[in-house]
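Let's take a walk through a protein model together, one stop at a time. Keep the structure open beside you as you read.

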Amino acid sequence: MSTRQTVSLGDINLSYLEWKKGTEPLLLLHGLADHGGVWSSLAAALPPHYHIIAPDLRGHGDSDKPKTGYQFAQIIQDLQGLMTHLGWENAHILGHSWTGKLLPLWATQTPQYFRSMILVDPFFIGKIPRWFRVTFPFLYRVLPFLQAMGPFESEEAACAIAQQLKQYRGWSPLQAQVFRDSITQQSDGTWRSKFTQEARDGVFEEVMHIAGLTQPLSIPTLFIKPEGGLNRSAWQMQPYYTYLTHLTVQEVPGNHWAFLVEPDAFNQQVAAFLVEVESGVGRGGIGNSG
């Protein structure tokens, strides 16, 4: 079972879930519009020697929601502050989607924080052309993770919409709990996502302007590639093969949110990779089971 903790990092209070089983540090980072609770199945499935932390990033979940400050540099500063608070010099670090792009940036700047790196279907790793910005209003309307922002007339109405979205396909108890934990009732009686518009806009701007991989990294890295995920083409995968010198690619069933729609297969791949990193065996550098 997890416990909810809060740390003050000067200009922000960061909320996080903690599964304090053991001493091997594992930091789990959610994607845009999600929260730390998306990793509850993975945390429960891992062996007891891990100390697992899953924060709600700024603008998300139960953490503070400033109007500005959603640059990669600020998020990295938050995470390094969290690790200092925990007494961690380094950790195994996992990131999904947008944070799957953040991790290589962080590792390029300060690789000493990483024991290993797990990239779960990262969002576009290169720079997005500036002309693409004109499509943002359309994307805000159609992207599955943004359609759950609301407002909704009731919690029941919100859940009815959520069940139609890719990340909640199947509506398992895990998915239902994750969604309910992502929304909150407003003073007018409606329900909305805890994720804010300022966070949405700030992150999209940052993702557009920054390239995630620009030089070689020797950190042991697992790339989890869902069958129905974002990274299906050779050109999308090429930067990872080019720059990550100790890369393993593993395909899993499910979509961009494989940890919610096919959690057992996802959890098995993460657990196997961590065992091999800790044992020093590895998977022989670059591998691909697909």
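The score called pLDDT is the predictor's confidence in each residue, and it runs from 0 to 100. You will need it here, as this is a predicted model. The mean pLDDT of the protein chain is 92, and 92% of its residues reach 70 or more. One stretch to treat with care is residues 283-290, where the pLDDT is below 50. That stretch still has 21 contacts in the model beyond near neighbours in sequence.

To see the pairing for yourself, find Thr3 and look across to β2, where Glu18 stands opposite. Together β1 and β2 make a hairpin, and four residues sit between the two strands. In that turn, look for Gly10, which has a positive phi of about 90°.

Our next stop is strand β6, which covers residues 114-120 and includes Ser116. Is Ser116 buried or exposed? Ser116 has a relative accessible area of 0%, so it counts as buried, the cut-off for that word being under 20%. What does the side chain of Ser116 touch through a polar contact? Its partner is the side chain of His92, at 2.8 Å.

Let's finish with the empty spaces. Rolling a probe the size of a water molecule over the atoms shows where empty space is left. In the whole structure, a search finds three cavities of 30 Å³ or more. The largest cavity holds about 60 Å³ of space, and the residues lining it include Ala33, Asp34, Phe145 and Tyr168.

There are pockets to explore too, and the second largest pocket has about 240 Å³ of space. It is lined by 13 residues, of which Met1, Ser2, Trp19, Gly37 and Ser40 are the closest to its centre. Which element gives the most to this lining? That is α6, with four residues. Helix α6 spans 173-182, and β2 and α1 (40-45) join it in each supplying at least two residues of the lining.

Key: Residues numbered from 1 in each chain as written. Predicted model: local features only at pLDDT ≥ 70, side-chain atom pairs only at ≥ 80, totals over all residues. Heavy atoms only, no water. Pairing = 2+ DSSP bridges. Buried < 20%, exposed > 50% of the residue type's maximum accessible area, 1.4 Å probe, protein only. Polar contact = N/O pair within 3.5 Å; in protein donor to acceptor, adjacent residues only side chain to side chain. Contact = heavy atoms within 4.5 Å. 1 Å grid on protein atoms, 1.4 Å probe; cavity = no way out; pocket = protein on both sides within 12 Å on 5 of 7 lines; lining within 4 Å. Points joined across faces, edges and corners; volume = space filled by probe spheres on them.
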